[in-house]
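Welcome to a short tour of a protein model.

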Amino acid sequence: MHFKNLLLLGVFGAASAHFILEVPESIGFDDDNEGIFPCGGFDQSHRAGLPESPWPKKGAPIGVVTTHNEAIWEFKAAVVPFTNRWVSLSRNITQTAGLGSVCFSNIPGPKNPLWYGRKGVIQIAQHGHDGTLYQVSSDFTSF
Ligand SMILES: [Cu+2]
């Protein structure tokens, strides 16, 4: 789902809005369930048909739209099909730049060579004033 559509739905203006994963593609966004671990209320096995992206160990961008002034961001990945074993990709990042689009320009890919060539998913967690919120990406391939 794209941010344009969410704007039309009025999500951005809602008091409960949290954050939206734009890059890479999210497996789903539901404002009410975004606090549910590990995927913001979506089934992590439901990724069929979504675009896949390469994720080099040297890094790739993650783009979000946030409605929180400040938050701490955490990035993890899990290799498919072991999608309950989350591995940290970077140190936590504190964001104080305000509302709107935020690009984390270079989040490293998994460093474990056993992951290379295999599919995985990325979990983005936002620790903010209303708890921890989750979004999970569609498939990536690490190399
Ligand atoms: Cu919120």
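This is a predicted model: local features need pLDDT of at least 70, side-chain atom pairs count only at pLDDT 80 or more; totals for chains, interfaces and linings use all residues.

Let us begin with a sheet. Three strands form an open sheet in the order E1-E3-E7, with antiparallel pairing. Strand E1 (19-23) and strand E7 (100-107) stand at its edges with a single partner strand each, so one side of each has no neighbour in the sheet. On average, neighbouring strands here are turned by 25° against each other, direction ignored. Such axes are lines fitted to C-alpha atoms, for helices over the stretch in contact, and angles between N-to-C directions run from 0 to 180 degrees.

Residues are numbered from 1 along each chain as its sequence is written, and side-chain values use heavy atoms, with hydrogens and water left out. Helices (H or I, at least four residues) and strands (E, at least two) are DSSP runs, numbered from the N terminus. Two strands pair if DSSP finds at least two bridges between them.

E1 pairs with strand E3 (residues 60-66) in the antiparallel sense over 4 bridges. Within this pairing, Phe-19 has Thr-66 in E3 as its bridge partner.

Now for the rings. The structure holds 5 aromatic pairs. Rings of Phe, Tyr and Trp (its six-membered ring) pair if their centres lie within 6.5 Å; planes under 30 degrees apart count as stacked, over 60 as edge-to-face and the rest as tilted. Phe-19 and Trp-73 are an edge-to-face pair, because their ring centres are 4.9 Å apart and their planes stand at 80°. Phe-19 belongs to strand E1 and Trp-73 to strand E4 (residues 71-79), so this pair, 54 residues apart, links distant parts of the chain. Phe-75 and Phe-104 are edge-to-face too, because their ring centres lie 5.1 Å apart with the planes at 65°. Phe-75 lies in strand E4 and Phe-104 in strand E7, so their pairing ties together parts that are 29 residues apart in sequence.

Together, Phe-19, Trp-73, Phe-75 and Phe-104 form one aromatic cluster. Are these residues buried or exposed? The table gives the answer for each. Buried means under 20% relative accessible area, exposed over 50%, and partly exposed in between (1.4 Å probe, protein chains only).

| Residue | Relative accessibility | Class |
|---|---|---|
| Phe-19 | 0% | buried |
| Trp-73 | 0% | buried |
| Phe-75 | 0% | buried |
| Phe-104 | 7% | buried |

The charged end of Arg-85 sits over the ring of Phe-82, 4.9 Å from its centre. A charge sits over a ring if NZ of Lys or CZ of Arg is within 6 Å of the ring centre and within 35 degrees of the ring normal.

**The copper site**

Which residues coordinate the copper ion? They are His-18 (ND1), His-68 (NE2) and Asp-130 (OD), at 1.9 to 2.2 Å. Donors are N, O and S atoms within 2.8 Å of the metal (3.2 Å for Na, K and Ca); water is not among the atoms, so sites may look incomplete. Along the sequence, the donor residues follow the spacing H-x49-H-x61-D.

The two histidines come from distant parts of the chain: His-18 is in the loop between helix H1 (3-9) and E1, and His-68 is in the loop between E3 and E4. They are 50 residues apart in sequence and 6.6 Å apart in space, C-alpha to C-alpha. His-18 counts as buried because its relative accessibility is 11%, and His-68 is buried with a relative accessible area of 1%.

His-68 has a list of contacts, where contact means heavy atoms within 4.5 Å. Not counting residues up to four places away in sequence, His-68 touches residues including His-18, Gln-95, Leu-99, His-129 and Asp-130.

**Strand E8 and its partners**

Strand E8 (residues 119-128) is mostly covered, with 7 of its 10 residues buried. Which strands does E8 pair with? One of them is E4, paired with E8 in the antiparallel sense over 8 bridges, and here Ala-77 stands opposite Ile-122 in E8. Strand E9 (residues 131-136) runs antiparallel to E8 and is joined to E8 by 6 bridges, with Ile-124 opposite Gln-135 in E9. A hairpin joins E8 to E9 through 2 residues. Strand E10 (residues 140-142) also runs antiparallel to E8, with 2 bridges between them, and Gly-120 stands opposite Phe-140 in E10.

As you look along these strands, keep one general point in mind. In a regular strand the side chains alternate between the two faces of the sheet.
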